[in-house]
Amino acid sequence: MTNTGIRLVVLLILQTPWLPASYSADGSNPAFNLEVSKQESIYHSQGDRVVEGYTIDRSLKDYIRGLPSGFDDSLANLGPKDRWLDIGAGKGQAILDYYTPDYDLMYPEGRALRGKKAQTVAMSIEDRRTPLWRQTAASLEPKQIQYIFNKRLREYSLDELGQFQVITDVIGGFSYTDTLSQFMERVLGILKINGSFYTVLQDVHTEEGTNKPFYAGSPFLTEIAKTDGAKMKVCEWLKSISCVEVTCESRTDWKPPLEAFHVRKVCDGVAVPALDMVHYEAGTPPERRFKLKN
Ligand SMILES: C[S@@+](CC[C@H](N)C(=O)[O-])C[C@H]1O[C@@H](n2cnc3c(N)ncnc32)[C@H](O)[C@@H]1O
């Protein structure tokens, strides 16, 4: 089923009217609360009942194909003292692939530097660990590979998580959060200087600005408006964060197409322009609109 199909089915089953133009900041809007509970049931769908379109098992090859160029080199050059966090890891397949002998065959150059490889943390709201995850974790040194769950990124303190050289997010928290600017603040708080955040969004107005929404009659999946209501591209918003260098790349071979973002932290004075969420409709991923705060 298409993304729109899933969104429509969820919508029809639950007979939800369109949401009002904005939500109250305290989350007391019943329409928003309903979308949140629909989203929760998507996260917690299990077995045969995993909602169609909610993909939880992308491989490292899929990550390399979707994320910005440079991600594979960054990963291949991590040493044993470095750390990689995957936000919204699903089953953690990309991390598992990193520890296979096949990975070293694919990237023979950095092998000596990598040694026993970087430490990795997979984060997911729901626990999707598989027997393969447990087997791999048992075969590695303690803490080499960790799976943390039951909380969203924003619910972890900086101390709890520590800092990372590489952070990835493939249609995870960056695509699903209703608090996008706080999400970016937290990501940049746990990113080391010169570290990289690699992520994507599906179906957004790209930096070049030549694309239209993938589903005729629907908006882009994530939209940002400036204070005067004028549209702002996600790439432009990311570039307005201080102390980061950002590149944005289109990925038209994905359906819906992606925009891939590389955010490199270059100094400590990070300031993320704050956004208010004004629309959130549950889905895989949800449809979201944000507005720049004054
Ligand atoms: C569609 S799955 C993607 C899984 C994996 N990246 C893949 O491509 O197969 C979405 C993942 O994002 C997680 N997620 C969504 N919002 C999150 C947040 N705010 N913080 C942490 N994880 C989040 C979900 O729990 C789930 O693990």
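I take helices (H or I, at least four residues) and strands (E, at least two) as DSSP runs, numbered from the N terminus. The model is predicted: local features need pLDDT of at least 70, side-chain atom pairs count only at pLDDT 80 or more, and totals for chains, interfaces and linings use all residues. Residues are numbered from 1 along each chain as its sequence is written.

**Ligand shell.** I counted a residue as near a molecule if its C-beta atom, placed from the backbone, lies within 6 Å of it. I found 22 residues around the ligand, of which Gly88, Gly90, Ser124, Ile125 and Gly173 come nearest. Strand E2 (119–124) and helix H10 (173–176) each give at least two residues to this shell. I then sorted the shell by class: Ala, Val, Leu, Ile, Met, Phe, Trp, Tyr, Cys and Pro as nonpolar, Asp, Glu, Lys and Arg as charged, and the others, Gly among them, as polar. The shell has 11 nonpolar, seven polar and four charged residues.

**Whole chain.** I listed 12 helices and 11 strands in the protein chain. The C-alpha atoms fill a box of roughly 55 × 45 × 35 Å along the principal axes. I called a residue buried if 20 or more other C-beta atoms lie within 10 Å of its own, exposed if 12 or fewer, and partly exposed in between, with C-beta atoms placed from the backbone. Buried residues make up 38% of the 294 residues.

**Core.** I took a nonpolar core as a set of buried Ala, Val, Leu, Ile, Met, Phe, Trp, Tyr and Cys residues joined through C-beta atoms within 7 Å. The largest such core has 57 residues, and Ile167, Val187 and Val200 touch the most other members. For contacts I used C-beta atoms, placed from the backbone, within 7 Å. Leaving out residues up to four places away in sequence, Ile167 touches Leu85, Ile87, Val187, Leu191 and Phe197.

**Helix H11.** Seven of the 10 residues of H11 (residues 180–189) are buried, so this helix is largely enclosed by the rest of the structure. I noted the buried ones as Leu180, Ser181, Phe183, Met184, Arg186, Val187 and Leu188.

I paired two strands if DSSP finds at least two bridges between them. Four strands form an open sheet in the order E7-E6-E11-E10, with mixed pairing. Strand E7 (231–232) and strand E10 (275–281) stand at the edges with a single partner strand each, so one side of each has no neighbour in the sheet. Strand E6 (residues 222–225) runs parallel to strand E11 (residues 287–292), and four bridges join them. I found Ala225 opposite Lys291 in E11.

Definitions and conventions: Contact = placed C-beta atoms within 7 Å.
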